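Good morning, colleagues. Please have the sequence and the structure open while I speak.

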Amino acid sequence: MGIKLYYTTVTASRTVKSQQAEVIRILDSKSIRYELIDISVGGELRDEMRSKAGDPTAVPPQLFNEDQYCGNYEMFAEAVEADSVEQFLKLA
């Protein structure tokens with residue numbers, strides 16, 4: 001599967017929770033298939049996400065097309081606003 005969404009099921013941050021929920025809702029509404037990768041199951045997944053994103057402090061949600069970094073929530077929200085989600089996810 002192409003699109004990978006790194007997220008967490010364990011967070012005290014309301015912001016992270018709402019951002020993750022919004023990304024999932026939008027992907028579902030556009031019938032874009034994606035794989036959820038829960039970084040809370042192991043530190044190595046968090047480190048992998050941060051390494052791939054090129055940001056040692058990156059927090060979920062982070063989006064990738066296979067191993068190609070697409071962006072974080074803010075970048076995704078901008079793509080939604082510009083109606084360019086497919087280009088953002090490197091699907092077009």
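This is a predicted model: local features need pLDDT of at least 70, side-chain atom pairs count only at pLDDT 80 or more; totals for chains, interfaces and linings use all residues.

In helix 2, residues 43–53, the buried residues are Leu45, Met49 and Ala53; helices (H or I, at least four residues) and strands (E, at least two) are DSSP runs, numbered from the N terminus. Buried means under 20% relative accessible area, exposed over 50%, and partly exposed in between, with a 1.4 Å probe and protein chains only.

Residues are numbered from 1 along each chain as its sequence is written, and side-chain values use heavy atoms, with hydrogens and water left out.

The cover over the buried residues of helix 2 includes strand 1 (3–7), strand 2 (34–38), strand 3 (62–65) and strand 4 (68–72). Glu44 and Ser51, both exposed, sit on the face turned away from the buried side. After helix 2 comes Gly54, with a positive phi near 70 degrees.

I turn now to Leu89, in the segment after helix 4 (85–88). Leu89 is buried, at a relative accessible area of 0%. Beyond its neighbours within four places in sequence, Leu89 has contacts (heavy atoms within 4.5 Å) with residues including Ile3, Leu63 and Cys70.

Finally, Gln20 belongs to helix 1, residues 14–29, and is buried, at 5% relative accessible area. A polar atom of the Gln20 side chain lies 2.8 Å from the backbone nitrogen of Thr8.

Key: A polar contact is a pair of N or O atoms within 3.5 Å; within protein, one must be able to donate a hydrogen and the other to accept it, and residues adjacent in sequence count only if both atoms are side-chain atoms.
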